[in-house]
Amino acid sequence: MAARRAWELIGPVLLVAAVGFVGSLTSGSMEFQFRSVLVIATIVVALHVFVGNSGVISFGHVSFVVLGAIAAGVATTPAEIKARSLSELFPFLLDLQLSNIESLVLAAVLGGVFAFLVGVPIMRLSGLQAGIATFAVIIITNNVFRNWDRIGPAARALGPIPETTGFLQATIGLVLVIVVAYGYQRTRMARMLRAAREDPAAAQSSGVNIYRQRLLAFTLSGAMAGLSGGLLAHLLGSVTTEVVFLDLTFITLAMLVVGGIGSLWGAVVGALSIAGLNAFLAEAEREVGVFGFDIDLPSGTRLVVLGIIMAAVLLFRPSGLTGGRELSWPFARRGRVAPGG
Amino acid sequence: MTSSGTETGGPQPALRATGIRRHFEGVHALNDVTLELHRHEVVGLIGPNGAGKTTLVNIMTGFDFPSAGSVELEGTDITGWTPHRRGRAGLARTFQAAHSFARLTVRENIEVGALACGARPRDATSRADELLGVLGLTAHADTPAAFLPQGEERKLGVARALGTRPRFLLMDEPAAGLNEAEVPDLVSLIRSVRNEHEVGVLLIDHNVSLIMEVCDRIHVLDQGRTIATGSPEEIRVNLDVTTAYLGRGGAGGSHG
């Protein structure tokens with residue numbers, strides 16, 4: 001039993017380590033694509049901690065990603081450049097100068113605090129209402145960042161941000177959020193939240209305070225999303241509010257759905273497969289050599305193929321690639337189904 | 001109504017709904033209903049469809065609020081409390097349709113109530129294992145609840161409720177969907193909940209023979225009003241009840 005449970009953590013970590021290792025053998029733009037895949041997967045795992053355990057959809061998580069990205073970017077862009085190109089920033093932000101790791105911690109803390117503040121009113125909602133309210137959060141956040149030049153780059157690009165998200169940091173970042181997500185899933189709080197996901201009335205009558213459990217998961221998930229925003233800023237080297245907005249919101253949710261909502265394994269598999277495919281197709285549009293063959297796809301192929309594949313997965317496997325179940329122990333004598341709860 | 005333990009000089013710990021009214025857009029779903037449930041007794045709540053039975057249970061467990069009247073748990077006014085607060089305070093319920101946590105295992109389903117009421121994970125597991133044994137669900141312990149047969153899922157509903165170590169349990173139509181052969185099991189289950197777990201049980205069901213067999217007292221609602229209370233024998237011969245609920249066929253049959 002213990003080995004089976006540990007496998008639910010070890011399996012995803014091994015997969016991530018393998019992706020990180022293979023990616024580190026590549027070079028040029030392919031190497032960048034591999035690092036992006038790892039960072040995108042970090043966002044998806046963060047999203048899973050709330051959406052997967054609560055069953056409540058959130059369109060708002062990219063708010064915490066953009067906050068983390070801008071915070072990490074502002075904190076690490078050289079002061080002299082900030083003084084020149086972002087002179088409207090609040091003075092304390094102009095002076096703020098953090099190390100790479102400190103900036104990631106700041107991104108996580110701010111993501112968590114923001115999620116908590118937003119969650120206090122919104123976590124009372126369920127279903128469509130919660131979806132719309134979280135969508136409002138990303139719209140408001142985007143507008144504030146795009147227009148308020150005292151806290152960020154507003155409509156301009158923020159940078160140059162030190163590009164410290166190499167394979168080591170990208171892999172460690174993703175493994176860290178996976179470990180935290182797994183650790184959280186093992187807690188009594190997560191168990192109560194998953195019970196509420198399955199049946200809110202029965203959970204309440206069993207004594208579960210659904211609001212409190214949702215708020216806790218939302219805050220934790222927001223902190224993890226903030227951290228991934230920091231990693232993203234240090235991956236891209238420059239951030240605009242438009243890069244971290246609706247496209248990212250929908251693609252990360254799509255990855256979660258394709259992988260299978262409800263399990264950590266689903267989040268990791270969905271993110272790595274769709275982000276990986278996305279990266280490969282992006283390269284193929286610019287010509288890529290695979291096993292001696294040159295693949296050169298016309299522009300626009302990427303989104304068409306991605307859309308078709310995602311639709312096909314949902315048609316033929318509505319509960320996602322993993323069926324929303326955790327990775328099952330491969331050495332069991334009988335094919336037992338590990339519960340996805 | 002049964003007196004509330006006057007021999008001991010004060011009221012026994014009880015769950016009380018007093019003067020409950022509930023109006024939905026001009027419809028009087030409940031009209032001045034008063035009901036009392038003590039520990040270690042089974043009270044039947046019967047009445048035709050639409051009599052207000054489930055509304056009363058919803059009000060007592062916090063899923064609905066009365067237009068007037070109050071709910072007290074062992075002397076504390078809990079009328080405005082949320083369902084989860086009542087759950088932690090010792091008031092559990094089961095639902096008409098099976099409400100289990102489908103993707104959690106049977107054992108995890110039972111642990112939830114214990115965990116939510118503050119038990120440590122290890123204690124929650126041993127509590128769950130104990131209830132699995134009592135209810136004969138041990139063989140299904142690691143099965144996701146979604147895969148349980150209907151009869152077993154109803155048992156799980158009771159086990160889930162008992163996981164919170166309730167002092168009062170409100171059971172909404174536990175016999176619905178069970179075949180005749182499964183009813184005796186339910187009878188002994190309800191008796192063991194009362195006798196061994198020392199829980200006060202409020203039992204709603206349409207199966208009159210079940211109600212007559214297992215209840216210490218019966219409370220009859222019709223069109224939102226209490227039309228009779230008393231022992232099964234008293235209810236059996238009550239003309240109002242016979243007319244309103246049991247039909248011309250008389251007592252002892254089942255209505256559904």
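Colleague: In which strand of chain B is the place of Asp32(B)?

Modeller: Asp32(B) belongs to strand 2 of chain B, which covers residues 27–38. Strands (E, at least two residues) and helices (H or I, at least four) are DSSP runs, numbered from the N terminus. Please note that this is a predicted model, in which local features need pLDDT of at least 70, side-chain atom pairs count only at pLDDT 80 or more, and totals for chains, interfaces and linings use all residues. Residues are numbered from 1 along each chain as its sequence is written, while chains are lettered from A and ligands numbered from 1 in the order in which they are written.

Colleague: What is the phi of Asp32(B), positive or negative?

Modeller: Most residues other than glycine have a negative phi, and most peptide bonds are trans. Asp32(B), although not a glycine, has a positive phi of about 55°. Glu173(B) is also not a glycine and has a positive phi of about 50°; this residue sits in the loop between strand 7 (168–172) and helix 6 of chain B. In chain A, the peptide bond from Gly159(A) to Pro160(A) is cis, with omega near 0°. Pro160(A) is part of the loop between helix 7 (127–147) and helix 8 (167–185) of chain A.

Colleague: Why does Glu173(B) count as buried?

Modeller: A residue is buried if 20 or more other C-beta atoms lie within 10 Å of its own, exposed if 12 or fewer, and partly exposed in between, with C-beta atoms placed from the backbone. Glu173(B) counts as buried because it has 21 C-beta neighbours inside 10 Å. Asp32(B) has 14 such neighbours, so it counts as partly exposed.

Colleague: How many residues of helix 1 of chain B are buried?

Modeller: In helix 1 (residues 53–61) of chain B, 9 of the 9 residues are buried, so that the helix is mostly covered. Among them are Lys53(B), Leu56(B), Ile59(B) and Thr61(B). Just after this helix, Gly62(B) takes a positive phi of about 90°. In chain B as a whole, 51% of the 256 residues count as buried.

Colleague: With which strand does strand 9 of chain B form a hairpin?

Modeller: Two strands pair if DSSP finds at least two bridges between them. Strand 9 (residues 217–222) of chain B forms a hairpin with strand 10 of chain B, with 2 residues between them. The two strands pair in the antiparallel sense over 5 bridges, and His219(B) stands opposite Thr229(B) in strand 10. In the turn, Gln223(B) has a positive phi of about 50°. Strand 9 of chain B also pairs with strand 3 (residues 42–46) of chain B, in the parallel sense over 4 bridges; here Ile46(B) stands opposite Val220(B).

Colleague: At what angle do helix 3 and helix 5 of chain B pack?

Modeller: Two packed helices are described by the angle between their axes and the distance between the axes. Axes are lines fitted to C-alpha atoms, for helices over the stretch in contact, and angles run from 0 to 180 degrees between N-to-C directions. Helix 3 (residues 106–116) and helix 5 (residues 150–162) of chain B pack at an angle of about 35°, with their axes 7 Å apart. Two residues are in contact if their C-beta atoms, placed from the backbone, lie within 7 Å. On the side of helix 3, Val106(B), Asn109(B), Ile110(B) and Gly113(B) take part, and they meet Leu156(B), Ala159(B), Arg160(B) and Ala161(B) in helix 5.

Colleague: Into which domains is chain B divided?

Modeller: Domain bounds come from an automatic or database domain assignment. Chain B is divided into domain 1 (1–6 + 13–90 + 166–246) and domain 2 (99–163). Their C-alpha centres lie 24 Å apart. The contact takes 12 residues from domain 1 of chain B and 10 residues from domain 2 of chain B. Helix 6 of chain B gives the most to the domain 1 side, with 3 residues.

Colleague: How many residues does the contact take from chain A and from chain B?

Modeller: The contact takes 20 residues from chain A and 28 residues from chain B. On the side of chain A, helix 9 (188–198) and helix 10 (200–205) each supply at least two residues, and helix 9 of chain A gives the most, with 6 residues.
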